[in-house]
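Let's take a friendly walk through this structure, from the fold of one chain to the places where parts meet. Keep the view open beside you as you read.

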Number of protein chains: 2
Amino acid sequence: MDIFSRTRAQFHLPEGVTYLDGNSLGPLPVKAAARAAETISAEWGELLIRGWNAAGWMEQPRRIGDRIARLIGAADGTVVMGDTLSIKVFQALSAALEMRPGRSVVISDSGNFPTDLYMADGLIRSLGRGHVLKVVEPEAVAEAIDESVAAVMLTEVDYRTGRLHDMAALTAKAHEMGAVAIWDLAHSAGALPVDLQGCNADFATGCTYKYLNGGPGAPAFIYVRPDHVEGIEPILSGWLGHEAPFAFDRDYRPGVGIDRMRVGTPPVIQMSILEEALKIWDGIDMNAVRARSIELCDRFIEAVERQCPSVELASPRDAQRRGSQVSFRHPEGYAIMQALIERGVIGDFRAPDVMRFGFAPLYISIQDVENAAAALADIIGSGAWDRPEFRRKAAVT
Amino acid sequence: MDIFSRTRAQFHLPEGVTYLDGNSLGPLPVKAAARAAETISAEWGELLIRGWNAAGWMEQPRRIGDRIARLIGAADGTVVMGDTLSIKVFQALSAALEMRPGRSVVISDSGNFPTDLYMADGLIRSLGRGHVLKVVEPEAVAEAIDESVAAVMLTEVDYRTGRLHDMAALTAKAHEMGAVAIWDLAHSAGALPVDLQGCNADFATGCTYKYLNGGPGAPAFIYVRPDHVEGIEPILSGWLGHEAPFAFDRDYRPGVGIDRMRVGTPPVIQMSILEEALKIWDGIDMNAVRARSIELCDRFIEAVERQCPSVELASPRDAQRRGSQVSFRHPEGYAIMQALIERGVIGDFRAPDVMRFGFAPLYISIQDVENAAAALADIIGSGAWDRPEFRRKAAVT
């Protein structure tokens with residue numbers, strides 16, 4: 001069995017479903033249910049409060065952080081889990097702005113996921129120190145970075161189009177201008193090789209329910225470059241980021257290293273499921289993942305363009321400038337996607353006209369690619385999308 | 001079967017364990033494991049991304065909030081779940097300070113849980129507007145509230161001693177002086193009747209892994225008085241607090257009502273377990289819970305003081321001034337507690353010398369009270385605590 005047949009066997013993929021939405025919520029790892037049951041019944045049920053020590057719950061956020069570090073080119077002890085991506089973005093940006101007290105500009109781009117921009121807005125307003133969030137087009141980021149810039153805050157892979165930023169070049173540009181570089185890896189971690197250390201990135205954040213398959217609402221992660229971390233005085237100074245949480249001191253003292261980015265009590269059961277999900281990555285070479293991802297995406301583009309002349313590729317055609325998803329535009333994209341989902345080909349839709357298809361190499365096969373393209377061609381060609389029940393308003397994905 | 005025998009049967013209580021630490025982590029509800037398995041296998045596993053709509057994941061934080069609202073004297077639609085207690089405290093205090101722009105003092109007390117104070121410290125430092133957090137003794141709170149005070153931020157029940165603040169009186173005093181009242185209900189919700197509406201409290205927060213039995217790391221809640229909520233511009237302006245998260249607009253617009261206090265993607269699996277745990281409260285009268293709690297605590301105090309002359313009551317003797325826990329001081333409290341735990345009587349220890357015992361009425365019996373007091377008396381009387389393995393340094397509880 002080749003490597004990806006072996007990893008595919010480690011996921012529960014429902015009968016009759018071709019799942020191309022793992023870039024939004026990854027599927028259930030086969031062993032996750034048993035691990036959750038163990039955490040619930042054997043640990044919580046039997047150990048009760050003793051689980052914090054006896055079952056290792058207290059160290060979970062660091063232990064899991066180390067597993068993720070290996071997937072994003074970071075050293076052990078530089079990543080910690082907790083909260084949501086929104087909170088982690090807030091922590092990273094607030095620390096970055098404190099590192100550049102004389103500067104007022106934050107650069108981001110219109111391809112960033114909205115919550116990153118919203119959290120930046122909220123932080124800037126609360127600080128009240130005249131910071132400005134400048135949101136430019138993705139192509140204009142590099143030239144927007146000048147010596148007024150405190151922080152450059154970007155999502156590496158655009159959630160709609162899959163456009164991939166050049167992390168090394170933009171981080172280098174940020175540093176050249178004296179700015180701090182913050183990378184959101186929501187659509188990168190587990191999707192393609194990331195080299196935070198090699199790029200010298202200052203901060204990174206990400207969620208774990210997409211390509212890392214941690215389940216709905218799985219906790220987020222934050223990376224801080226080791227030479228920055230001891231200088232950070234966290235704004236979100238929660239007790240589990242304290243140097244000695246169980247001393248119950250009056251005064252907050254930041255914990256050693258990355259531990260200071262912890263805030264409150266971690267979601268132990270979700271953490272356990274995530275930890276189990278991450279074991280699938282043991283021994284996986286991210287370069288092999290990338291090669292497979294490109295093969296899947298390129299074949300999908302080729303098959304769709306050959307069979308569906310009415311769609312327009314929204315993703316970069318050059319695989320080197322694309323993450324692990326492919327998006328097509330079509331004026332009836334919403335209805336077409338609903339018809340596809342009804343046939344068991346699950347992608348999703350982003351307004352106004354984008355159909356997104358994620359290709360997670362660990363469990364998507366060439367056959368899935370062919371099935372999805374054929375179903376799309378049939379639905380468009382036959383007009384099967386043109387039914388009232390497919391025309392409802394876009395809801396949650 | 002009386003009501004509390006019926007509720008006790010709904011928890012898994014390990015053989016040989018008398019569990020008096022439900023004020024730290026409540027035990028496993030019998031039905032929680034099956035509910036988690038359903039959410040994991042039938043919802044995540046089969047529905048995949050469709051679970052957000054088809055399984056009602058998106059509405060969970062409000063739906064569960066309504067269940068909690070009924071336990072704390074709040075109306076439907078005024079409580080929402082998410083994040084951790086630390087984050088919810090930050091949200092409440094930041095909103096309160098924006099409501100009182102001309103005032104600079106925050107009053108809290110030395111009985112507050114440290115993370116509340118740490119989060120206030122972090123917020124105040126980030127705002128940089130000269131706010132001051134004054135931490136007074138619990139008895140001095142009322143007189144400390146004057147017209148310089150923006151917010152009074154208190155935990156109703158002291159985590160170490162169980163001392164109970166007079167929420168109605170202190171909220172009235174805060175309002176009389178023009179201050180905003182924020183109540184942390186970590187040791188109140190599910191432990192005793194709370195009447196947020198009757199007290200006219202402005203904000204409340206709490207965790208759900210103590211008396212609400214949501215499991216380790218279960219999500220927190222926040223209450224906002226309905227007449228305040230539409231004026232709040234959240235600092236932690238995450239996408240799920242947006243009026244239309246799936247419009248992916250550039251600009252943040254706060255959601256309707258309490259929804260704006262949502263931040264990021266909620267921990268769906270932990271939420272499901274919590275939702276199941278809260279069903280145990282259906283039809284439970286909080287006044288009956290309070291009467292039972294007082295009976296349990298009073299009997300424990302009586303039995304311990306009769307049999308253990310060397311301990312000193314650290315909790316208020318007057319049941320009306322106490323939550324649902326009893327604490328005793330003893331110079332060898334740490335070692336005594338370890339010896340107790342070894343015998344299956346699980347309480348916990350708080351430095352320097354406090355042994356805490358929680359009495360959660362839903363599952364603690366009179367027999368548990370007698371067992372615990374007898375074990376404590378035997379351990380102290382026999383010197384069984386005086387062994388090297390019981391003298392290790394205090395760790396996690």
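Helices (H or I, at least four residues) and strands (E, at least two) are here DSSP runs, numbered from the N terminus. This is a predicted model, in which local features need pLDDT of at least 70 and side-chain atom pairs count only at pLDDT 80 or more, while totals for chains, interfaces and linings use all residues. Residues are numbered from 1 along each chain as its sequence is written, chains are lettered from A and ligands numbered from 1 in the order in which they are written, and side-chain values use heavy atoms, with hydrogens and water left out.

**One chain and its fold**

Chain A has 14 helices and 15 strands. Its C-alpha atoms fill a box of roughly 70 × 55 × 40 Å along the principal axes.

Some backbone details deserve a look. Asn213(A) sits in the loop between strand S9 (203-206) and strand S10 (221-224) of chain A. Its phi is near 60°, a positive value in a residue other than glycine. In chain A, the peptide bond from Ala351(A) to Pro352(A) is cis, with omega near 5°, and Pro352(A) lies in the loop between strand S14 (348-350) and S15. Chain B has a cis bond from Ala351(B) to Pro352(B), also with omega near 5°; Pro352(B) is in the loop between strand S14 (348-350) and strand S15 (354-358) of chain B. For background, most residues other than glycine have a negative phi, and most peptide bonds are trans.

**Two domains in chain A**

An automatic or database domain assignment provides the domain bounds. It divides chain A into domain 1 (3-29 + 285-390) and domain 2 (33-281). Their centres, taken over C-alpha atoms, are 28 Å apart. The contact (heavy atoms within 4.5 Å) takes 32 residues from domain 1 of chain A and 24 residues from domain 2 of chain A.

On the side of domain 1 that touches domain 2, helix H12 (286-307), strand S12 (325-329) and strand S15 (354-358) of chain A are the elements that give two or more residues. H12(A) gives the most, with 5 residues. By class, this side has 13 nonpolar, 14 polar and 5 charged residues. Here Ala, Val, Leu, Ile, Met, Phe, Trp, Tyr, Cys and Pro count as nonpolar, Asp, Glu, Lys and Arg as charged, and the others, Gly among them, as polar.

**Where the chains meet**

Trp44(A), Ile49(A) and Tyr118(A) supply 12% of the area that chain A buries against chain B, more than any other three residues. Buried area is the accessible area (1.4 Å probe) that two parts lose on being put together, summed over both.

The table sets out the two interfaces.

| Interface | Buried area | On carbon and sulfur atoms |
|---|---|---|
| Chain A and chain B | about 7000 Å² | 67% |
| Domain 1 and domain 2 of chain A | about 2300 Å² | 63% |

**Pairs that link the parts**

A salt bridge is a side-chain nitrogen of Lys or Arg within 4 Å of a carboxyl oxygen of Asp or Glu. How many salt bridges are there between chain A and chain B? The count is 4. In a salt bridge between side chains, Arg125(A) meets Glu98(B) at 3.3 Å, N to O. Between domain 1 and domain 2 of chain A, the count is 0 salt bridges.

A search of the whole structure finds 62 salt bridges over all chains. The side chains of Asp368(A) and Arg8(A) form a salt bridge at 2.8 Å, N to O. Asp368(A) lies in helix H14 (residues 366-382) and Arg8(A) in helix H1 (residues 3-8) of chain A, so the pair ties together parts that are 360 residues apart in sequence.
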